Amino acid sequence: MKNMPIGQYLVEKGMLSEENLEKVLAKQKETKGKMFGDVVVDMGFISDKDFAKILAERINVQYVDLDETEFIPEIVKKIPEAVARKYNLIAISLVGKRLTVATSDPANFYIFEDVRIITGCNVVPVLATKMSIAKYIGKMYSAGSAENIATEAVQAAEDMGDIDVTDLDLSADRIENAPIVKLANTIIENSHRHEATDIHIEPFEHYTRIRVRVNGDLVELMPPISPLIHGPLITRYKILSGMNIAEKRIPQDGRMSADVDGTHLDLRVSNLPTVHGEKVVIRILATGNVASRKVTDLGMNDTNYEKFISMLKVPQGVMLVTGPTGSGKTTTLYAALGEMAKPHVNVITVEDPVEKEIEGINQCQINDKAGMTFAAALRSILRQDPDIIMVGEMRDQETSEIAIRAAITGHMVLSTLHTNDAASTVTRLVDMGVAPYMVATSLIGIVAQRLTKVLCKDCKKLRMSAPEDNQLLGIDHSVPIYDAVGCPSCNNTGYRGRTAIHEILLCTSRMASLITSGAKADQIAELAKEEGTRLLRDNVADLVMEGRTSMDELIRVTYAV
């Protein structure tokens with residue numbers, strides 16, 4: 001086994017089939033010079049973390065998960081930023097003269113010789129994934145740089161004064177190095193490194209505030225900046241996203257892209273005129289790493305996972321995913337498509353917008369101005385001999401009826417709706433004008449979901465549940481639960497990351513009869529509970545008792561009057 005190639009080693013370990021190994025080797029030949037590990041990860045046969053662990057085992061080097069590592073800025077900065085970026089490595093600990101360095105290429109002796117000469121320390125290499133190293137290089141070296149760039153941009157704006165624009169040097173190099181351009185780029189880079197989903201740039205009379213949405217909450221990305229640079233900053237984003245920079249009186253929408261730490265980001269930009277200037281909100285969509293998102297990564301418990309998989313096996317009908325905006329509905333649909341999209345199946349999606357491009361699936365973009373509405377696209381798709389259709393959202397009666405007719409005539413239809421729970425989804429469809437018998441005939445099941453924040457492992461605080469907690473948890477005795485506290489590793493929020501909770505309702509024969517009879521949401525919910533559906537509150541209560549989330553989150557996610 002000692003000299004066995006890594007591809008064969010993966011086959012021996014059962015991580016890769018012989019057939020897929022052949023595909024990877026053929027692809028590697030085409031992409032001359034690309035490492036085997038990069039190709040196998042890009043093709044989605046194995047995640048970068050799993051590959052790194054196997055490689056570490058294969059070459060007998062320690063594997064380190066940088067997301068679980070505490071970085072000390074003084075140690076990180078032992079290696080200059082230029083060197084860290086050049087070789088894609090980062091210092092993680094220093095004991096005496098022994099410097100532990102995370103790298104994705106631990107066998108490259110020349111790199112470590114360079115680092116030894118620069119730092120004066122003996123280098124101990126450990127293995128980490130390329131993506132995580134790039135992410136933490138960005139995070140650790142960029143701290144404080146946004147404020148400096150903002151100060152530089154204010155100074156430049158003051159210096160500009162009344163200079164005639166025609167006298168300016170507008171060469172590409174000059175523009176890329178302009179402070180306002182660097183600030184616009186740094187805001188996007190730092191937001192992605194904070195794992196933000198949205199960036200809000202908000203103008204007020206005496207300052208501009210920049211906030212990002214992390215784990216569902218808005219937090220300040222940097223101190224407020226001068227209103228002097230608000231106009232140029234907004235103009236930069238408008239240029240990049242293809243908006244009309246002369247139009248400042250009406251809302252506009254645009255799209256742009258950026259590459260941050262090896263991840264390709266698709267950015268949706270929305271611009272809104274306010275009293276003190278234009279407010280911009282940028283939605284961050286990471287288009288990289290879609291292939292590795294599996295149904296098993298959705299955070300479902302065993303009961304829900306079994307129900308979800310059984311729905312995906314049904315050859316025709318409608319499966320709906322519901323929940324508020326930003327609850328992970330699209331992620332669930334994409335994971336379901338990944339499970340169902342086989343080489344012999346024709347899969348077509350109609351979305352507004354196409355959030356992530358998936359290999360081997362036909363994706364259509366809605367364009368209302370050109371007449372490409374959901375209903376028009378759906379009618380056309382039905383003439384394209386589809387097996388599986390994904391409709392981004394059932395927004396109106398026409399779209400809902402066409403989608404449900406498609407399901408009745410033998411297609412598998414996946415879609416989303418904005419409802420609070422699984423039972424009210426049925427009544428919403430009926431309210432939209434779809435006949436109850438059509439809903440009952442076509443429906444396979446409904447997945448209602450929310451995202452709940454996960455407690456930070458480093459600072460969560462143990463206590464016994466009080467009587468009012470027990471009432472919400474649905475138990476009659478005190479149990480150990482945890483509260484959020486806040487520490488540097490979770491940016492003093494008390495939470496790190498989010499997980500999904502699900503409520504899955506299957507359309508059994510009893511349920512179909514009840515829907516046909518025009519039942520209300522509470523009657524549907526009652527039967528669903530009888531048939532074993534775990535409600536959203538039951539799922540989040542389990543997470544509280546497991547110590548993964550807090551009572552505050554249970555109330556926030558499932559509170560109802």
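In what order do the 7 strands of the open sheet stand, and what is the pairing like?

Mentor: Happy to, and do keep in mind that this is a predicted model. The order across the open sheet is 12-11-13-14-10-15-18, and its pairing is mixed. Start at the edges: strand 12 (362-365) and strand 18 (495-506) each have a single partner strand, so one side of each is left without a neighbour in the sheet. On average, neighbouring strands here are turned by 20° against each other, direction ignored.

To find one of them on your screen, pick glycine 317, whose bridge partner in strand 14 is methionine 412.

Helix 15 (residues 374-381) lies across strand 11 (347-351), strand 12 and strand 13 (388-391), and runs at about 170° to strand 11. Helix 17 (residues 422-431) lies across strand 10, strand 14, strand 15 (443-455) and strand 18. The angle between helix 17 and strand 15 is about 135°.

The structure holds 0 disulfides. Cysteine 487 is in none, and its nearest cysteine sulfur, that of cysteine 459, is 3.7 Å away, whereas a disulfide is counted within 2.5 Å. With 13% relative accessibility, cysteine 487 counts as buried, because the cut-off for buried is under 20%.

Methods:
Residues are numbered from 1 along each chain as its sequence is written. This is a predicted model: local features need pLDDT of at least 70, side-chain atom pairs count only at pLDDT 80 or more; totals for chains, interfaces and linings use all residues. Side-chain values use heavy atoms; hydrogens and water are left out. Two strands pair if DSSP finds at least two bridges between them. Helices (H or I, at least four residues) and strands (E, at least two) are DSSP runs, numbered from the N terminus. Axes are lines fitted to C-alpha atoms, for helices over the stretch in contact, and angles run from 0 to 180 degrees between N-to-C directions. Contact means heavy atoms within 4.5 Å. Buried means under 20% relative accessible area, exposed over 50%, partly exposed in between (1.4 Å probe, protein chains only).
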